[in-house]
Amino acid sequence: MPFLEAAATQSPTIDEWLLWAILVSPLTAWALIVLYFRKIPAVAGYLAIAGIGISCLISFVTLFNVIDADGAIAQHTHEWFTAGDVVVNLGVRVDGLTAVMLVVVTSVSLLVQIYSTGYMAGDSGYGRYFAHMCLFTTAMLGLVLADNLFMLFIFWELVGLSSYLLIGFWFHKPSAAAAAKKAFIVTRIGDLGLLAALLLIWSRAETFDIAGIHHWAASGEASDKIVTLFALGIFAGAAGKSAQFPLHVWLPDAMEGPTPVSALIHAATMVAAGVYLVARFFPVFEVSTDAREVVAWIGAATALIAATIALVQTDLKRVLAYSTVSQLGYMMLALGALGYVAAIFHLFTHAFFKALLFLGSGSVNHGTNTFDMRKMGGLRAKMPVTFWTFVIGSLSLAGIFPLAGFWSKDEILLDAWRYDRALWFMAATVAFMTAFYMFRAIFLTFFGEYKGGEPVDHHDPDNHFHGDPAHPHESPWPMRAPLLILAVPAVLAGLLNVDHDFGDFINHALPELPHHEGSTFEWGIALSSLGLALGGIGLAWAIYYKRWVSSASLRELFLPLAGLFEHKYFLDNVYEDIFVRGIFHRGWNRLLELTDRYVIDGVANGSGRLVRGVSSGLRPIQNGLLQTYGLGFAAGVIIFVLAVFAANPL
Amino acid sequence: MTPGLEHFLTVGAILFCLGLTIALSKRNAIGVLMGIEIMLNAVNLTLLSFARFGVGHGPVAGQAFVVFIITVAAAEAAVALALAVSVYRNRDTIDVDKLNLLRS
């Protein structure tokens, strides 16, 4: 494939088996835990850490190897099966984008596993938890490594499955079971689009190969309409997984799962898979302006909607969940606005600081037995490590210089500014809100008086809460250490792209370098975004720390809006009432029910009734009297003879 | 008027119909048996008529059939009467309307 060599100077020299080992290592851990160690917590946790640790190590080796090769692409493909004309391959593709994703996934996953050994200690499903986590990590790595859309789709669905299993980890809680179901079904709606794209690309280009699809889109052999359809199908899948409006409703509910799961899957990695997918097929989106417009505006709408909802949440984890949705919208916005580097860079930094924030909220939960911020307060002195790392994560998310979030968010704002001022305006509004709601959360959680947390319910057999919520304490070391480690990239990761090293590196994953100039630093944008962030923090400080304005009176002021935000734009109600109850329960399901009752049952009962009717009509004939039978026999013979004569007249 | 084949056949047919009617309508098992015997003899008459008027496979075939039928009919009558006696001993009746054990 000559168009590949155009960008590459030399191929990465890493051995193929090492790349497969990245995948196999957590898979082995999963198999071992499921088969042998599910009931042995002491082994299960460390096995998971070992499996993912090996993966992480190889991922770093891969990253440095690809850096040495200047971001060149290495691809190893094997034929898996053929069915008629369809050839399905299994293969790995390593380039800048893959290498970055590998490192993000494995390192966050590793830290989350370590954290989980503390957080999940004593849970009756401890072994099952780590098995699912290993399965998830395997699936995510497979998704990232896949060199063709078919394989990517398989792992995409596996990721969805493990997400379902982990959201519903405490499946005996009805809310968790419902949330898991909701997540699975809502993402499945988006996946339908991805499946359609898969079929479309096969019927049009007869290849699933990622490089082949890039080439197909760029070559112009397909009409714009087909390319746009394909791109929109890809984006539909991405919107489901990455919780884009209007499919974002599952992600906040997914917080029913254990907090480390939220940190790994529903903040750092899986929900970023949608962004990764769009970035993976970025050359296709470059060709289709229409699809890109859709991505940009959906992204902007998602960012704005989620940020406004986050303003009024009282549950710490839900603030973070909506913040995640909002930031994912940001990334999509960037992709739509041709900011490929900005989007992936934000994905990269966001993974670290958002995982940090989630783990921080888990640590708070560990001390107070609640996520309700109205029951917290004053935890700063009692949980100093959690507090300071949480502040670092929040500053990074808010985009304060010189933390990681500042650099990546700034690039997105710059790309939005260059693409469309309206997009920039929306993004800037979101930046302000982000700073506000994060610091609202911090002031409510860590400052003021402690309000007692949630008393432990000793009658709940699943409650493994240790200690006394009335006297919160810092979490144990397995939980503190990941917080401290994650704080480092949350601060420093932004510096990677100051000289565009990161951008150049991942740009080589594209078949040809982008025509538009990558982001450069612009003082105006940087200062305005910094100003907005500081303004948001200041406002939160004034309202929730100094209490110059009471939040209740502020709510009165914005009542219709605040009500709208508190009810999440009534989207859940709309889905529940119109789609679930209206169209499905009363419409489709009722139709199926009636069909079942009258058509299916009608056929079954009808045939029974027919047989019974005929038999009751015929029963008198069998009266056991030989003479009657003989009469019948004689009559039959006579009729037969008459018929023969009628047919052959003499 | 010399009786021809059709006269013999007509007598045979009438006899057969009489026998059939008796066999199907008599309630007494002995009567049924007698009806069957009449039918057998009607068939014998028909076979002999064909043989006599030279229709079919030569003159001997029909007569040979008749000899066999008479033999079998004798045996059948013996068995059937024995059955009738046996049924009467067991059920105190040979009314065929009451012998409906075949009814499910």
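## A covered helix

Let's start inside chain A of this predicted model. Of the 24 residues in helix 4 of chain A, 23 are buried, leaving the helix mostly covered.

How does the length of helix 4 compare with what its 24 residues should span? The helix covers residues 96-119 of chain A, and at 1.5 Å a residue it should span 34 Å; the C-alpha atoms at its ends are 34 Å apart, so the two agree.

## Chain A as a whole

Stepping back, chain A holds 27 helices and 2 strands. Its C-alpha atoms fill a box of roughly 115 × 65 × 55 Å along the principal axes.

Chain A has 650 residues, and 53% of them are buried. Among contacts in chain A with a separation of 6 or more, 81% join residues 24 or more positions apart.

## The nonpolar cores

The largest nonpolar core counts 221 residues. The members that touch the most others are Val275(A), Val278(A), Leu333(A), Leu335(A), Ile344(A), Ala355(A) and Ala427(A). Helix 20 of chain A, residues 421-446, gives the most to this core, with 18 residues. A second core, separate and made of 9 residues, includes Ala23(B), Met39(B), Leu40(B) and Ala42(B).

Which residues does Ala355(A) touch, leaving out those up to four places away in sequence? They are Val108(A), Val112(A), Ala263(A), Leu264(A), Ala267(A), Ala268(A) and Leu486(A).

## Where chains A and B meet

The contact draws on 9 residues from chain A and 10 residues from chain B. On the chain A side, the residues that touch chain B are 4 nonpolar and 5 polar, with no charged residues.

Terms used: Residues are numbered from 1 along each chain as its sequence is written. Chains are lettered from A and ligands numbered from 1 in the order in which they are written. This is a predicted model: local features need pLDDT of at least 70, side-chain atom pairs count only at pLDDT 80 or more; totals for chains, interfaces and linings use all residues. Two residues are in contact if their C-beta atoms, placed from the backbone, lie within 7 Å. Ala, Val, Leu, Ile, Met, Phe, Trp, Tyr, Cys and Pro count as nonpolar, Asp, Glu, Lys and Arg as charged, and the others, Gly among them, as polar. A nonpolar core is a set of buried Ala, Val, Leu, Ile, Met, Phe, Trp, Tyr and Cys residues joined through C-beta atoms within 7 Å. A residue is buried if 20 or more other C-beta atoms lie within 10 Å of its own, exposed if 12 or fewer, and partly exposed in between; C-beta atoms are placed from the backbone. Helices (H or I, at least four residues) and strands (E, at least two) are DSSP runs, numbered from the N terminus. The expected span of a helix is 1.5 Å times one less than its number of residues.
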